Amino acid sequence: MATETTDNQSEIQTENQPENPAEIPETGPVAVKTKVTTGKLSAQELIRAFEAEQLKSELPEIYVGDTVKVGVRIREGNKERVQPYEGVVIAKRHGGLNETITVRRIFQGIGVERVFMLHSPQVASVKVERRGKVRRAKLFYLRDRVGKATRVKQRFDR
């Protein structure tokens, strides 16, 4: 009886496969998310798989000195809206899922800095408004400057 089911399964498999390879329809590149379900996964593999799902793919190239507009999701009661926050990127830290940028702007004459986790669900969008020409990895010296001295030259080659 076991041999009969094995024979039936092999018959079923051969019926579903086309005899002529030309009969296989050609489709373009298709993005398919595959989940690996092989027995037990180690803790590191589980964390790596979870982080890969959380990564955003549509983020632009952001450099220190760029002026960016970050759309921040704000919840007020049961309503949700996106509030733009525009300023100069003065620092980038970490990498992967933990990547953060520090954005500085002047609001009513006072310097305000916010740190954004780029792959966070609270960050709705990031748009680069203009590229900055700088020679430092961190622009903390802008904190000591006032008025027009806080401006960063524009870069046109990127």
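## Aromatic pair

The count comes to one aromatic pair. The rule: rings of Phe, Tyr and Trp (its six-membered ring) pair if their centres lie within 6.5 Å; planes under 30 degrees apart count as stacked, over 60 as edge-to-face and the rest as tilted. This is a predicted model, in which local features need pLDDT of at least 70 and side-chain atom pairs count only at pLDDT 80 or more, while totals for chains, interfaces and linings use all residues. Residues are numbered from 1 along each chain as its sequence is written, and side-chain values use heavy atoms, with hydrogens and water left out.

The partners are tyrosine 85 and phenylalanine 116. Their geometry is edge-to-face, with 5.6 Å centre to centre and 65 degrees between the planes. Tyrosine 85 belongs to strand 2 and phenylalanine 116 to strand 4, so the pair ties together parts that are 31 residues apart in sequence. Helices (H or I, at least four residues) and strands (E, at least two) are DSSP runs, numbered from the N terminus. Tyrosine 85 has 5% relative accessibility and therefore counts as buried. Phenylalanine 116 is buried too, with a relative accessible area of 5%. Here, buried means under 20% relative accessible area, exposed over 50% and partly exposed in between (1.4 Å probe, protein chains only).

## Two arginines over one ring

The ring of tyrosine 85 also has charged neighbours. The charged end of arginine 105 sits over this ring, 5.1 Å from its centre. The charged end of arginine 114 sits over the ring of tyrosine 85 as well, at 5.3 Å from the centre. The test asks for NZ of Lys or CZ of Arg within 6 Å of the ring centre and within 35 degrees of the ring normal.

## Fold and sheet

The protein chain has two helices and five strands. Along the sequence they follow the pattern α-α-β-β-β-β-β. The five strands make an open sheet with the order 4-3-2-1-5 and antiparallel pairing. Strand 4 and strand 5 (123-130) are the edge strands, each pairing on one side only. Neighbouring strands are turned by 40 degrees against each other on average, direction ignored. For such angles, axes are lines fitted to C-alpha atoms, for helices over the stretch in contact, and angles run from 0 to 180 degrees between N-to-C directions.

Two strands pair if DSSP finds at least two bridges between them. Strand 1 (residues 67-76) and strand 5 are joined by six bridges in the antiparallel sense. Threonine 67 stands opposite arginine 130 in strand 5. Strand 3 and strand 4 run antiparallel and share eight bridges. Here arginine 104 has glutamate 113 of strand 4 as its bridge partner.

## Valine 103 in strand 3

Valine 103 is placed in strand 3. Its relative accessibility is 0%, so valine 103 counts as buried. Contact means heavy atoms within 4.5 Å. The C-alpha atoms of valine 103 and alanine 91 are separated by 7.5 Å, and the two residues are 12 apart along the chain.

## Loops with positive phi

Most residues other than glycine have a negative phi. Histidine 94 has a positive phi of about 60 degrees, although it is not a glycine. Histidine 94 lies in the loop between strand 2 (79-93) and strand 3 (100-107). With 57% relative accessibility, histidine 94 counts as exposed.

Glutamine 108 also has a positive phi, of about 55 degrees, and is not a glycine. Its place is the loop between strand 3 and strand 4 (110-117). These two strands form a hairpin with two residues between them, and glutamine 108 is in the turn. At 71% relative accessibility, glutamine 108 counts as exposed.

## Confidence and chain totals

The protein chain averages a pLDDT of 85, and 75% of the residues score at least 70. pLDDT is the predictor's confidence in each residue, from 0 to 100. Confidence is highest in strand 2, at 98, and lowest in helix 1 (residues 2-16), at a mean of 47. Over residues 1-14 the pLDDT is below 50, and this stretch has zero contacts in the model beyond near neighbours in sequence. Where pLDDT is low, the predicted coordinates should not be read in detail.

Buried residues make up 22% of the 158 residues in the protein chain. Among contacts between residues at least 6 apart in sequence, 49% join residues at least 24 apart.
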